[in-house]
Amino acid sequence: QLQFVESGGGLVQPGGSLTLSCAASGFTLDNYAIGWFRQAPGKEREGVSCISSSGGSTNYADSVKGRFTISRDNAKNTVYLQMNSLKPEDTAIYYCAVDTQLTYYYTKACSGMDYWGKGTLVTVSS
């Protein structure tokens with residue numbers, strides 16, 4: 001079975017930092033591109049970042065580029081999202097997702113992730 005454990009969410013002040021982790025089990029993580037998505041209150045889900053299976057390619061939404069960094073440690077079967085210079089508008093539930101159909105290989109885009117974790121809440125507030 002394909003399973004995810006997302007962690008690292010919580011309350012942080014504006015300008016602060018937070019690191020999210022997505023630990024996978026039941027599959028070999030290094031075969032798949034992984035993405036982070038978020039859904040803010042009253043808004044639709046949006047892509048934040050994604051990373052290729054090897055970690056050699058990354059994508060970022062314009063809203064987070066330069067502030068967030070996605071990385072992976074395939075030996076630990078884990079993907080990370082380092083979030084710096086956090087803003088109140090970053091407040092959202094953050095989801096980890098896996099590209100089980102290998103869509104990223106063809107599209108080089110984050111939109112094809114199709115297997116989702118349960119999410120972790122990030123709140124940016126003073």
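1. A search of the whole structure finds five aromatic pairs, where rings of Phe, Tyr and Trp (its six-membered ring) are paired if their centres lie within 6.5 Å, and planes under 30 degrees apart count as stacked, over 60 as edge-to-face and the rest as tilted. One of these is the tilted pair of Phe-4 and Tyr-115, with 5.5 Å centre to centre and 45° between the planes. Phe-4 lies in strand S1 (residues 3-7) and Tyr-115 in strand S10 (residues 115-116), so the pair ties together parts that are 111 residues apart in sequence; strands (E, at least two residues) and helices (H or I, at least four) are DSSP runs, numbered from the N terminus.

2. On the basis of these values: this is a predicted model, in which local features need pLDDT of at least 70 and side-chain atom pairs count only at pLDDT 80 or more, while totals for chains, interfaces and linings use all residues. Residues are numbered from 1 along each chain as its sequence is written, and side-chain values use heavy atoms, with hydrogens and water left out.

3. Phe-4 counts as buried at 15% relative accessibility, whereas Tyr-115 is partly exposed, with a relative accessible area of 33%; buried means under 20% relative accessible area, exposed over 50%, and partly exposed in between (1.4 Å probe, protein chains only). Both residues belong to one aromatic cluster, which is formed by Phe-4, Phe-27, Tyr-32 and Tyr-115.

4. Tyr-105 lies in helix H1 (residues 103-107) and is exposed, with a relative accessible area of 61%; Tyr-106 is exposed as well. Together with Leu-102, these two tyrosines form a nonpolar surface patch with about 410 Å² of accessible area. Patches are made of residues with over 30% relative accessible area and no salt bridge, like charges being joined within 9 Å and nonpolar side chains (Val, Leu, Ile, Met, Phe, Trp, Tyr) within 5 Å; the areas come from the Shrake-Rupley method with a 1.4 Å probe, and for residues only the protein chains shown count as cover.

5. Arg-45 is placed over two rings: its charged end sits over the ring of Trp-116, 3.8 Å from the centre, and over that of Phe-37, 6.0 Å from the centre. The criterion is that NZ of Lys or CZ of Arg is within 6 Å of the ring centre and within 35 degrees of the ring normal.

6. A search of the whole structure finds three salt bridges, each defined as a side-chain nitrogen of Lys or Arg within 4 Å of a carboxyl oxygen of Asp or Glu. Glu-46 meets Arg-38 at 2.7 Å, N to O; Glu-46 is partly exposed, with a relative accessible area of 34%, while Arg-38 counts as buried at 5%.

7. Arg-38 also meets Asp-90 in a salt bridge (2.9 Å, N to O). Arg-38 lies in strand S4 (residues 34-39) and Asp-90 in the loop between strand S8 (78-83) and strand S9 (92-98), so the pair ties together parts that are 52 residues apart in sequence. Asp-90 in turn meets Arg-67 at 2.8 Å, N to O, and Asp-90 and Arg-67 are both buried. Through shared partners, the salt bridges join Arg-38, Glu-46, Arg-67 and Asp-90 into one network.

8. Gln-1, in the segment before S1, is exposed, with a relative accessible area of 79%.
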